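Welcome! Take a moment to look over the sequence and the model, and then let us walk through them together.

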Amino acid sequence: MNQYETVFILTPVLSDVQMKEAVDKFINLLKESGAEIINEENWGLRKLAYPIQKKTTGFYELVEFKAEPEVIAKLEVNYRRDERVLRFLTFRMDKYAAEYAAKRRNLRASKKEEN
């Protein structure tokens, strides 16, 4: 199994409930396909670098997971079919990227404990 990271941007016109449903849909799709979810981060509403479909903001979501390569094709087809998704990017992490992601997760966890 390879380690992957996917970031997708949801349209800003969604309510919190609708946004959570969309994120849960993709998380459940990964789990049903046999993927192991490592980390999930909601980056919130952010300004886009350029307008997409006449929208200047979007809800960003990051998911790190381990899965077989076949799962990625299924995930990306579902991204394309879902009208709530403005953009997405999925890539396979090499060992250095995976180490960096683990350090970043640990740093975030330690900062949360301090607060």
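This is a predicted model: local features need pLDDT of at least 70, side-chain atom pairs count only at pLDDT 80 or more; totals for chains, interfaces and linings use all residues.

The exposed residues Glu 70, Arg 80 and Arg 81 sit on the face of H2 that is turned away from its buried side. The buried residues of this helix are Val 71, Ile 72, Leu 75, Glu 76, Asn 78 and Tyr 79. When you look down the axis of H2, these buried residues fall within an arc of 160 degrees, so they line one face of the helix.

What do the buried residues of H2 pack against? Their partners are S1, H1, S3 and S4.

## The sheet

Next comes an open sheet of four strands, arranged in the order S2-S3-S1-S4 with antiparallel pairing. Strand S2 (36-52) and strand S4 (85-92) are at the edges, and each has a single partner strand, so one side of each is left without a neighbour in the sheet. From one strand to the next, the twist averages 20 degrees. H2 packs on this sheet, where it touches S1, S3 and S4, and its direction makes about 170 degrees with that of S4.

You can follow the sheet pair by pair. S2 and S3 are antiparallel and share 11 bridges, with Leu 45 standing opposite Phe 59 in S3. The hairpin of S2 and S3 has two residues between the strands, and there Gln 53 takes a positive phi near 55 degrees. S1 and S3 are also antiparallel, paired over nine bridges; Phe 8 has Glu 61 in S3 as its bridge partner.

## The nonpolar cores

Which residues touch the most other members of the largest nonpolar core? In this core of 21 residues, they are Phe 8, Leu 10, Leu 30, Phe 65 and Leu 75. At least two core residues come from each of strand S1 (2-10), helix H1 (16-32), strand S3 (55-67) and helix H2 (69-81). H1 gives the largest share, with seven residues. Another core, of seven residues, lies apart from this one, and its members include Val 7, Tyr 60, Leu 62 and Leu 86.

Asp 82 lies in the loop between H2 and S4. Is Asp 82 buried or exposed? Its relative accessible area is 6%, and buried means under 20%, so Asp 82 counts as buried. A polar contact of 3.1 Å joins its side chain to that of Lys 25. Not counting residues up to four places away in sequence, Asp 82 touches Lys 25 and Phe 26.

Asn 39 belongs to strand S2. With a relative accessibility of 13%, Asn 39 is buried too. The side chains of Asn 39 and Glu 41 are joined by a polar contact of 2.9 Å. Leaving aside neighbours within four places in sequence, Asn 39 is in contact with Leu 62, Val 63, Glu 64 and Arg 105.

Notes
Residues are numbered from 1 along each chain as its sequence is written. Side-chain values use heavy atoms; hydrogens and water are left out. A nonpolar core is a set of buried Ala, Val, Leu, Ile, Met, Phe, Trp, Tyr and Cys residues joined through side-chain atoms within 4.5 Å. Buried means under 20% relative accessible area, exposed over 50%, partly exposed in between (1.4 Å probe, protein chains only). Two strands pair if DSSP finds at least two bridges between them. Axes are lines fitted to C-alpha atoms, for helices over the stretch in contact, and angles run from 0 to 180 degrees between N-to-C directions. Contact means heavy atoms within 4.5 Å. A polar contact is a pair of N or O atoms within 3.5 Å; within protein, one must be able to donate a hydrogen and the other to accept it, and residues adjacent in sequence count only if both atoms are side-chain atoms. The arc is that of the directions from the helix axis to the C-beta atoms.
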